[in-house]
Amino acid sequence: MLQVTDNGANITLSGKSEVRGDGVFWFSMALLIGALGVAISMSLLPERLAIGALGLLIVGSYFFNRLRSRQKGSQTHISSGIVKVQSGLFVHNHLGKIQRISLAADDTINVNGKALTIIGANGGTKCQVSGFDSEKEAQVMQAILQGQQFGKRNANIKMQSS
């Protein structure tokens, strides 16, 4: 649903939210099991083997933190929630979690069907937005992000009966 406001537009995305971080969850479960294994090995095994098991747990924790930070910094895929679009930025609100994404001057915005992709200056995908009800909503979001102004009098609203 598209709602034109004084300084941009509010777009309600109707896509399904995807579960991210599934691999991180399983890796964290493996670390938890590893921690239990280290605790048991400290009481059953000789000191050298117990210290070696503790070292493996520390190395595993290091890689877990790197994986988690890499996943937080990776590209963003938005497919549900409310997007408040203004010139040069948009704010995504999904179940109370608010994410603000600003565009740089040399970012490229492409519309492909019902999906909008923001490509950074380095050529990598910065953000992908899908879940629009129509291709027109994606085009309106692209136009507003690029600085075009839409007034409420310019909004073309069509009512369809089912």
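Residues are numbered from 1 along each chain as its sequence is written, and side-chain values use heavy atoms, with hydrogens and water left out. Because the model is predicted, local features need pLDDT of at least 70 and side-chain atom pairs count only at pLDDT 80 or more, while totals for chains, interfaces and linings use all residues.

**View 1. The largest nonpolar core has 20 residues.** Such a core is a set of buried Ala, Val, Leu, Ile, Met, Phe, Trp, Tyr and Cys residues joined through side-chain atoms within 4.5 Å. Look for Phe-90, Val-129, Met-141 and Leu-145, the members that touch the most others. At least two residues each come from strands E2 (8-14), E4 (80-86), E8 (115-119) and E9 (125-129) and from helix H3 (135-145). H3 is the top contributor, with five residues. Helices (H or I, at least four residues) and strands (E, at least two) are DSSP runs, numbered from the N terminus.

**View 2. Asp-107 and Lys-126 form a salt bridge.** Asp-107 sits in the loop between strands E6 (97-102) and E7 (108-112) and Lys-126 in strand E9, so the pair ties together parts that are 19 residues apart in sequence. Asp-107 is buried at 13% relative accessibility, whereas Lys-126 is partly exposed at 33%. Buried means under 20% relative accessible area, exposed over 50%, and partly exposed in between (1.4 Å probe, protein chains only).

**View 3. Five residues make a nonpolar patch on the surface: Phe-25, Trp-26, Met-29, Leu-32 and Leu-36.** Together they have about 530 Å² of accessible area, by the Shrake-Rupley method with a 1.4 Å probe, where only the protein chains shown count as cover. Patch residues have over 30% relative accessible area and no salt bridge; like charges are joined within 9 Å, nonpolar side chains (Val, Leu, Ile, Met, Phe, Trp, Tyr) within 5 Å. Leu-36, in helix H1 (residues 22-44), is exposed at 52%.

**View 4. Tyr-62 and Phe-63 form an edge-to-face pair.** Their ring centres lie 5.4 Å apart with the planes at 70°. Rings of Phe, Tyr and Trp (its six-membered ring) pair if their centres lie within 6.5 Å; planes under 30 degrees apart count as stacked, over 60 as edge-to-face and the rest as tilted.

**View 5. Asn-65 belongs to helix H2 (residues 47-73).** Asn-65 and Ser-28 are 9.7 Å apart, C-alpha to C-alpha.

Methods: A salt bridge is a side-chain nitrogen of Lys or Arg within 4 Å of a carboxyl oxygen of Asp or Glu.
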